[in-house]
Amino acid sequence: MRSTMARIVWALIVGLLSLASLPAQAQDQEKRLALVIGNGAYQAGALQTAANDAGLIAQTLQAAGFDVIGARDLDGETLRKSFRDFIQKVHDAGPNTVAFIYLAGYGVQLTGENYFVPVDAKIARDTDVPVEAIRISDYTHQLSALQIKAGVIVLDAARSNSFAKDSQPLAGGLALVDPDPKMLIAFNSAPGTVAPDGAPPYGPYAQALAEMIRTGGLSLPDVFDRVRLRVNEMTKGAQIPWDAQKIDAPFVFFERKPDAPPVQADAALRSKPIRDYSAQDAYAAALERDTMQGYEDYLQVYPSDPLAKRVRAIIAARREAITWRRSYNADTPDAYWSYLRRYPRGPHAYDARRRLAYLSSALEPPPQFAAIDYDVPPPPPDEVVYVDRPVLYYGDPVFAFAPPPPPPVFFLPPPPPDFVVLAPPPPPIGLFVLPSPLFVAMPAFVAAPAYVVPPPNNIVFNNIHNTTIINTVINNPSPTPAQLAAAGARPALPGGPVSVAPSLPPAALQRANLTQPAGPQAARPTAAPIAPAHTLPGATNGPPLPQTATAPAARPALGATPTAPATGPAAGRPATALAPANTRPQTLTAKPPTAGVTTTAPATAGRPPVTPQQTHAATAPTANVKPPAAPARPAPAVRSAPARAAVSPPPAARPAPPPRPAAPPPPRAAAVAPHPAPAPRAAPPPPPRPQVVQAPRPAAPPPRPAPARAPPPCPPNKCKH
């Protein structure tokens with residue numbers, strides 16, 4: 001008995017030791033998922049770098065082991081579906097998942113909420129914002145509610161815009177928010193401020209973020225602290241990013257190997273009090289800490305330094321943002337009156353009055369009310385000039401700020417030489433597909449953590465140090481099939497060209513298949529038109545039409561139901577021209593093949609193609625195309641009259657006779673009659689009357705769906721953080 005117990009205890013000890021010796025990746029696998037969107041083709045004004053910025057961040061996240069879903073220039077419906085699908089994918093991934101969302105484009109704020117604007121949004125008034133744009137908090141709350149390790153939301157969207165010009169103005173930039181648990185929120189520009197328009201190929205924020213992600217060994221707070229310093233340096237102080245986080249779990253994008261060179265930044269030198277630095281180094285220290293206390297310490301020590309004026313503007317914007325956030329969280333008339341008493345013409349004065357109107361309260365502070373207690377004191381008189389305006393831009397020449405000096409090396413080492421000037425990316429390979437920048441090989445001493453689950457079909461992640469694959473496949477716009485097979489690449493779109501770009505969201509992929517009639521190959525500049533295997537009757541080089549049938553001019557016959565895109569435009573239909581980044585696809589309208597044929601609606605690039613299998617069904621007799629009459633009974637009237645399109649309305653000179661009682665109702669444009677009615681046998685047959693068929697509206701390219709209406713503003717004490 002004693003020996004049996006000893007063997008059991010010994011077996012337990014061996015088992016525990018074996019479990020402890022397992023590698024980290026076998027114990028705690030970490031999945032990394034990312035959604036990257038770059039909207040630049042806005043109707044209200046195109047953005048030059050948004051799509052490229054999203055492509056750069058997507059590629060950098062791919063190198064760090066993220067399974068990236070990315071797209072550019074999405075409309076409201078597709079964007080909402082993409083968000084929902086991504087949230088579901090994160091939910092299905094499990095608890096030890098890191099989710100990363102990057103949005104480049106236009107962002108606006110309204111009454112304390114931030115919105116991301118789709119490319120098809122029409123925002124003429126402030127009331128259009130909740131309907132046309134995407135409220136960010138709807139998705140951050142969902143992401144935080146999931147059992148994940150960490151979530152990162154990056155809004156590269158604080159820009160000057162021309163929205164809501166027909167109503168009360170919107171506050172500039174993005175609104176200060178409180179991050180949810182396990183979440184980090186980052187803006188490309190501090191709350192209440194806007195960033196300058198970046199010059200191609202990449203904006204300073206995206207390039208700095210990519211640089212810091214590629215730097216091994218940095219925690220999430222260190223990454224975004226360095227991004228703030230780098231962007232401030234690159235823009236000469238015109239742009240100061242911001243972030244806030246409540247993430248407790250440790251996370252690094254890349255690890256540094258033991259043989260890595262020593263880090264130049266010294267944590268001991270960076271943690272000294274502000275008074276122990278020189279004026280220029282103290283500015284870098286205050287900027288890295290990015291707190292009200294740090295900026296105020298700078299002014300106490302160096303009130304007359306040339307950089308003090310710039311620091312006062314930073315404090316003014318942050319104080320106003322904190323005051324408004326506190327008022328919005330309280331969401332009472334007293335809170336909004338308290339804000340208006342401090343900032344009667346502040347950036348959020350119109351927002352305060354919007355909420356007061358919603359609460360059915362007076363729009364101006366009454367003589368007596370219970371003012372709320374803010375976390376910050378009222379603004380001094382010298383700050384009012386910076387916040388007494390709807391939009392604050394640190395690079396405004398009116399302020400004449402002194403340019404900040406470069407940060408010292410112990411705060412921010414210089415960028416790698418190969419990551420200072422980046423080449424522009426090649427044109428995208430297809431609709432909605434992100435640009436693929438030229439990848440810069442990672443240093444040999446930097447690698448993704450071993451516990452990261454390798455993402456599927458990610459040749460960037462598998463070859464971050466392999467310069468041969470980088471040069472011959474990743475950075476090669478036209479690699480050979482053997483090179484692609486060696487790298488394990490596959491098409492980004494089903495049936496389309498192979499790309500290292502991230503996969504499209506399912507909603508964007510479906511949209512692309514409906515918008516591009518020629519399939520993914522149509523988006524390639526070198527793709528040549530290929531005729532379908534079976535040409536429609538009446539088209540150029542096609543078989544002749546039946547004697548009694550009407551000729552379909554410049555469009556496919558009604559009843560053809562698309563199932564698979566063709567590889568080129570069919571004869572008689574317009575070809576889709578290659579749409580460059582941030583532009584809408586254009587259409588080329590083909591001439592009718594028969595003189596005198598009239599049509600009611602031109603063919604458009606949004607019309608799905610007809611495949612070889614479908615052309616037989618399309619040429620079969622339907623309710624709109626009568627079967628050929630018997631040879632013994634010709635119809636002279638039909639032969640002498642010019643052919644009409646199957647969907648042409650009746651001419652005004654010849655009114656249509658009353659419908660026959662036994663005739664079935666006209667079918668829908670997309671329906672195929674499985675059993676067409678036989679031809680009438682009355683002799684002589686009456687002249688064929690034109691078919692009264694409603695012409696389908698042109699799908700150019702394809703019609704914009706009605707945006708989903710967002711819920712009305714929250715009632716008191718609802719929907720708050």
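Modeller: The largest cavity has a volume of about 130 Å³. A cavity here is a set of points, on a 1 Å grid over the protein atoms alone, where a 1.4 Å probe fits but cannot get out, and its lining residues have an atom within 4 Å of a point. For volumes, take the space filled by probe spheres set on the points, with points joined across faces, edges and corners. Keep in mind that this is a predicted model, where local features need pLDDT of at least 70, side-chain atom pairs count only at pLDDT 80 or more, and totals for chains, interfaces and linings use all residues. Residues are numbered from 1 along each chain as its sequence is written, and side-chain values use heavy atoms, leaving out hydrogens and water.

Back to that cavity: 13 residues line it, with I136, S137, T140, V177 and I185 nearest its centre. (Helices are DSSP runs of H or I, at least four residues, strands runs of E, at least two, numbered from the N terminus.) By class, the lining splits into six nonpolar, four polar and three charged residues. Nonpolar covers Ala, Val, Leu, Ile, Met, Phe, Trp, Tyr, Cys and Pro, charged covers Asp, Glu, Lys and Arg, and the others, Gly among them, are polar.

The second largest cavity holds about 90 Å³. L56, Q59, F419, L438 and V440 are nearest its centre, among 13 lining residues. Helix 3 (residues 50-63) supplies the largest share, four, and the classes come out as ten nonpolar, two polar and one charged.

Technical notes
On a 1 Å grid over the protein atoms alone, a cavity is a set of points where a 1.4 Å probe fits but cannot get out, and a pocket is an open set with protein on both sides within 12 Å along at least five of seven lines; lining residues have an atom within 4 Å of a point.
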